[in-house]
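Biologist: Before we discuss anything, could you put the sequence and the model on the screen, please?

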Amino acid sequence: MVPIATAPPSRRSGAERLVRPMGAAVDALLGSRGCLFTFHRAAPPELWERLPNRNFYLDLDFLDELLGYLARTGWSVVTIEEALRRTARGRAGDRFVNFSVDDCYRDTFEAVIPLFRRHGVPVTLFVTTGIPDGTLPMCWAGLEDVLLNNDRVTADGETIAVPTAEAKRAAYDRIAADWDRDVPAQRYATFCAENGVDAEAMHWKHAMSWEMLDAVRDDPLVEIGGHTMSHARISSLSAAQAFDEIDGCRRRLRERLGVACHHFAFPYGRSGDCGPRDFDLVREAGFASGATTRKGLVRRGQDAYRLPRVTLGGSQRHLALAELHLTGMTGVAARVLGRV
Ligand SMILES: [Zn+2]
């Protein structure tokens, strides 16, 4: 365990004083609860501040603080496998959390897994196999990298000055939204050519490789699951294509790592991105569970093929917000507001 000294005590105790009684009240009513958190990337605070797409990253110091907070307040951090066991058991007072990292960027290997190891708790990796295979263009990581490391960039023949963190963030948002309406991989290829970027080198600067996955395959604190081959939005595919994406990633992980992966997470994961047909396909492919990004808590009777997960955004660097997720209040709010 590492010493937890990343936040001033006043801020921590303030957050705890404010929201912990709410969690205790919910427990008294409903018994055991589990909360599955998910995020994509993590960065040290000094880099986090400057990142053009920083909401996609957790601040590593905040993650460190959150893991310490969970340990102090009686939450067990568990694998998805263990979360399912505990859900089935439904023991009153049992409180557990899972953290899954989706896609699998290089920082998962270099920074996130070491942090979880220091805390002695497990982390789940949902791997998009096109990333270690080098077949999935990492458009957003590449765009961000070029903006972060240059004061001028060229996009669609237009040169833009991006000297400050604010300018980089604004340019990222504008260009990413534009690519998103088109074919991002094509736009990224053009962008690489315009800015003299070696797309292959950029890929491996940000991707987790099969060698890295091999190195953590036998780590008891690392659980590896599937997240499709090409990060496709499953609901938009035919049943045959959807099954290929789901089963193909399971087979690829087994072939490359020599171990069976039992758990799956849907890319994007909201209600428009995966539905009842897709939950059945995950079961047919032989996975023991499927995770969405619909907010909510895991309780006894939970369908393992539509597990709720709470996405932790980079800007949510407050324990009080994490505690609201742990009480299930943000899930209730999302359902009331129709943000599912
Ligand atoms: Zn993903």
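**Reading strand S5 and its partners**

Modeller: Strand S1 (residues 33–39) runs parallel to S5 and pairs with it over seven bridges, where strands are DSSP runs of E with at least two residues, helices are DSSP runs of H or I with at least four, both numbered from the N terminus, and two strands pair if DSSP finds at least two bridges between them. Please keep in mind that this is a predicted model, in which local features need pLDDT of at least 70 and side-chain atom pairs count only at pLDDT 80 or more, while totals for chains, interfaces and linings use all residues. Residues are numbered from 1 along each chain as its sequence is written.

Biologist: Which residue in S5 stands opposite Phe39?

Modeller: Phe39 faces Val101 of S5.

Biologist: How many bridges join S5 to strand S4, and how many join S5 to strand S6?

Modeller: S4 (residues 76–77) and S5 run parallel and are joined by two bridges, with Ser76 opposite Phe96 in S5. S6 (residues 123–127) is also parallel to S5, through four bridges, and there Asp102 has Phe126 as its bridge partner.

Biologist: Which helices lie in the β-α-β units that contain S5, and how is the hand of such a unit read?

Modeller: A crossover is called right-handed if, with the strands pointing away from the viewer, the path from the first strand over the helix to the second runs clockwise. Here, S4, helix H4 (residues 80–89) and S5 make one right-handed unit, and S5, helix H5 (residues 106–119) and S6 make another right-handed unit.

Biologist: Is S5 (residues 95–103) mostly covered or mostly uncovered?

Modeller: A residue counts as buried if 20 or more other C-beta atoms lie within 10 Å of its own, as exposed if 12 or fewer do, and as partly exposed in between, with C-beta atoms placed from the backbone. Eight of the nine residues of S5 are buried, and across the 340 residues of the chain 44% count as buried.

Biologist: Why does Ile224 count as buried?

Modeller: Ile224, which sits in strand S9 (residues 222–226), is buried because it has 20 C-beta neighbours inside 10 Å. Two residues are in contact if their C-beta atoms, placed from the backbone, lie within 7 Å; leaving aside residues up to four places away in sequence, Ile224 touches several residues, among them Leu125, Val127 and Leu257.

Biologist: What share of the contacts in the chain with a separation of 6 or more comes from residues 24 or more positions apart?

Modeller: Such residues account for 70% of those contacts.
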